[in-house]
Amino acid sequence: MKLRTILILSGIAIAIALISLWMGQQAYTWFPPQASAESILVDNLFSFLVTLGTFIFLGVIGTLSYSVLFQRADKYDSSDGPPIEGNVKLEIIWTAIPIALVIWIAGYSYQIYDQMSILGPMEHVHMMAAAQAAPMDQDKVATTENIDTENIDVIARQWSWEFRYGNVNSTELHLPNNRRIKLTLHSEDVLHGFYVPAFRVKQDVIPGRDIDFEFTPIREGKYRLRDSEYSGTYFASMQTDVVVESPEAYQQWLADAAKRSPIAAYNPASAEYKKRSNNQWKIVVPAAPPVVNYSNSQASAL
């Protein structure tokens, strides 16, 4: 290969690499704010995949475009191109590169998953992190050493969320900032999905199983919890707010909520069901509204 050709190809590869790196950095802006330590790891992995995917995409499209524009056969030329079968060097290259890419992506993905240590329905053997909280960005995340984990029971039912903090029940999820959170997920009827986009964490809630699920919120604010699995007619109403606040505000909220008398919470699914006329088709009757000390309807009224 001529030196001039090598220099041209090298220049094109460098240009594509720079564009790919830029695109990888843009990928961070496509998501909601990073509200959990796990979101940083997930976004880093996504940025890496976008960078790699962009490089491959531009490389393939560039090669095809060059072939179409400058390597076209002459008019009425129906002869075959030069044979490449038996080119050992070329076959090794186009076999080794995809294998190396797949191993690279798999290894990096496993490393991210292992660092997250979010548990789930399966028993895990963490080779590197040994069930510790993810090491994350040290400027944003308080170390989890010597800090107790906050344990909260989560009850999913058609169609409402209920959160239990010992003697306090709520339909709104409150979390202390920079504290490791351990949720125990239950489902009383069908398959549901615990999903907070700002946290980048998602876990199916399986009937008949108690699933431990961990993460660390790192940004104060109000976010949205959604059911990520279609669970029936009033599926769209099965969402609520997640409030991340300082540990002091969180303790104050628990103390205030504990003083409230339990009442049946407002439930959009039950309210919609009561509006139905008797001659409509049969559907699943929503579960009774949870009886809680604090509901999100109370929060909006304050």
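**Exercise 1. Find which residue is joined to Arg157 by a polar contact between side chains, and work out whether Arg157 is buried or exposed.**

Solution. In this predicted model, the side chains of Arg157 and Glu188 are joined by a polar contact of 2.9 Å. To place the arginine, look at the strands: Arg157 belongs to strand E1, which covers residues 150-157. The next step is accessibility, where the cut-off for buried is under 20% relative accessible area; Arg157 has 7% relative accessibility and therefore counts as buried. Finally, list the surroundings: leaving aside residues up to four places away in sequence, Arg157 touches Glu162, Arg164, Glu188, Asp189, His192, Met238, Ala287, Ala288 and Pro290.

**Exercise 2. Locate the cis peptide bond that involves Trp159, and say in which loop Trp159 lies.**

Solution. Begin with the backbone, where the peptide bond between Gln158 and Trp159 is cis, with omega at about 5°. Then place the residue among the strands: Trp159 sits in the loop between E1 and strand E2 (160-165).

**Exercise 3. Describe helix H3 by its span, its buried residues and what covers them.**

Solution. Helix H3 runs over residues 88-116, and its 29 residues reach 42 Å from the first C-alpha to the last, close to the 42 Å expected at 1.5 Å a residue. Its buried residues are Ile112, Asp114, Gln115 and Met116, and their cover includes helix H2 (37-70) and strand E7 (201-205). After H3 comes Ser117, whose phi is positive, near 50°.

**Exercise 4. Determine how H2 and H3 are oriented to each other, and which residues make their contact.**

Solution. Two packed helices are described by the angle between their axes and the distance between the axes. Here the axes of H2 and H3 come within 9 Å and cross at roughly 170°, and because angles over 145 degrees count as roughly antiparallel, that is the description of H2 and H3. Among the residues that make the contact are Glu38, Leu41, Phe48 and Ile56 of H2, together with Leu101, Trp104, Tyr108 and Met116 of H3.

**Exercise 5. State where UniProt places the feature "transmembrane region", and describe the spans 45-69 and 90-110 in the model.**

Solution. The unreviewed UniProt entry places this feature at residues 7-25, 45-69 and 90-110. In the model, residues 45-69 are 100% helix and 0% strand, with end C-alpha atoms 36 Å apart. Residues 90-110 are likewise 100% helix and 0% strand, and their end C-alpha atoms lie 31 Å apart.

**Exercise 6. Describe helix H1 by its span and name its buried residues.**

Solution. Helix H1 (residues 3-26) has 24 residues, and from its first C-alpha to its last it reaches 35 Å, close to the 34 Å expected at 1.5 Å a residue. Buried in H1 are Ile16, Ser20 and Gly24, and what covers them includes H2.

Note on methods
Residues are numbered from 1 along each chain as its sequence is written. This is a predicted model: local features need pLDDT of at least 70, side-chain atom pairs count only at pLDDT 80 or more; totals for chains, interfaces and linings use all residues. Side-chain values use heavy atoms; hydrogens and water are left out. Helices (H or I, at least four residues) and strands (E, at least two) are DSSP runs, numbered from the N terminus. The expected span of a helix is 1.5 Å times one less than its number of residues. Buried means under 20% relative accessible area, exposed over 50%, partly exposed in between (1.4 Å probe, protein chains only). Contact means heavy atoms within 4.5 Å. UniProt positions are given in the numbering used here, feature names are shortened, and annotations may be inferred rather than shown by experiment. A polar contact is a pair of N or O atoms within 3.5 Å; within protein, one must be able to donate a hydrogen and the other to accept it, and residues adjacent in sequence count only if both atoms are side-chain atoms. Axes are lines fitted to C-alpha atoms, for helices over the stretch in contact, and angles run from 0 to 180 degrees between N-to-C directions. Angles under 35 degrees count as roughly parallel, over 145 as roughly antiparallel, 65 to 115 as roughly perpendicular and the rest as oblique.
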